[in-house]
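Hi there,

Here is the structure I promised to pass on to you. Have a look at it first, and then read my notes below.

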Amino acid sequence: MAGPKVVLFDLDGVLVDSQGAENDALLYLADLVGAPITAADAELMFTGRRIAESVDYLTEYATRPMPADPVGVVRARCAELVAGRMQAVPGVESALRAITVPKYVVSNSPLEMIGDRLRMTGLDGYFPEAHFSAYEIGVWKPDPGLYRVAAESVAVEPADALVIEDSMVGVVAAATAGMRVLWYRPRPDPADPDIPGVRRLPDMFGLATAAATESGDLWHFAPQAEKPIPDRA
């Protein structure tokens, strides 16, 4: 199988180390409304999902009234948590330098947030083209539509795109779209499903090394299966 023509990166947890802050901000809201949600619950329920959807989940567990603007509360708390300490995921900048095909960001986050977080971490120069935000397209992961629109917009077939994701929500979206996926999974779970077309990536330094090799062994994946992929997130 030929190497990819484009590499599509998720934002939070893949390029920038912010997913923990978002989950902590949602846990802050959970505490405000008396929802018995643990950190482990938050990682499983919220990672990769849009904040509004995560707030809807919290509403089901709340024992006290929600604030008037719960999404605003979460965003404000997240901004406090990341202010001055937003960092790129270790090893990802080396990977971005090593990958010579076009690179794009495909994220459930708003377009403005994508730009802000890339600038805060100094990664914006690696993504000179337009980003793909679910808020602009109107489709959120795990729906594969976001990745399909991205592929169509850059004029590549889904099979010619490689996706770097860290959440089950994103992995499902990309794999269902027919793309090859590297699942950035520094803390694997024994319950993680084996998904055709998906390979584990324990750290971003491994991506940099593989991307820099001429053989391109990184890109040789099994063909995408047609059977449905479970969404555990």
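Let me start with a term: a nonpolar core is a set of buried Ala, Val, Leu, Ile, Met, Phe, Trp, Tyr and Cys residues joined through side-chain atoms within 4.5 Å, where buried means under 20% relative accessible area with a 1.4 Å probe, protein chains only. This is a predicted model, in which local features need pLDDT of at least 70 and side-chain atom pairs count only at pLDDT 80 or more, while totals for chains, interfaces and linings use all residues. Residues are numbered from 1 along each chain as its sequence is written, and side-chain values use heavy atoms, leaving out hydrogens and water.

The largest nonpolar core has 43 residues, and Phe 9, Leu 15, Ile 164, Met 204 and Leu 207 touch the most other members. Helix H1 (residues 19-32) gives this core its largest share, six residues. Another core, of 27 residues, lies apart from it and includes Leu 8 and Trp 183.

Helices (H or I, at least four residues) and strands (E, at least two) are DSSP runs, numbered from the N terminus. Six strands form an open sheet in the order E3-E2-E1-E4-E5-E6, with parallel pairing (two strands pair if DSSP finds at least two bridges between them). Strands E3 (132-133) and E6 (198-201) stand at the edges with a single partner strand each, so one side of each has no neighbour in the sheet. E5 (residues 180-184) pairs with E6 over four bridges, and Val 198 in E6 is the bridge partner of Val 181.

In helix H8 (residues 145-153), the buried residues include Tyr 147 and Ala 150. After H8 comes Ala 155, with a positive phi near 60°.

Enjoy exploring!

How values were computed
Buried < 20%, exposed > 50% of the residue type's maximum accessible area, 1.4 Å probe, protein only.
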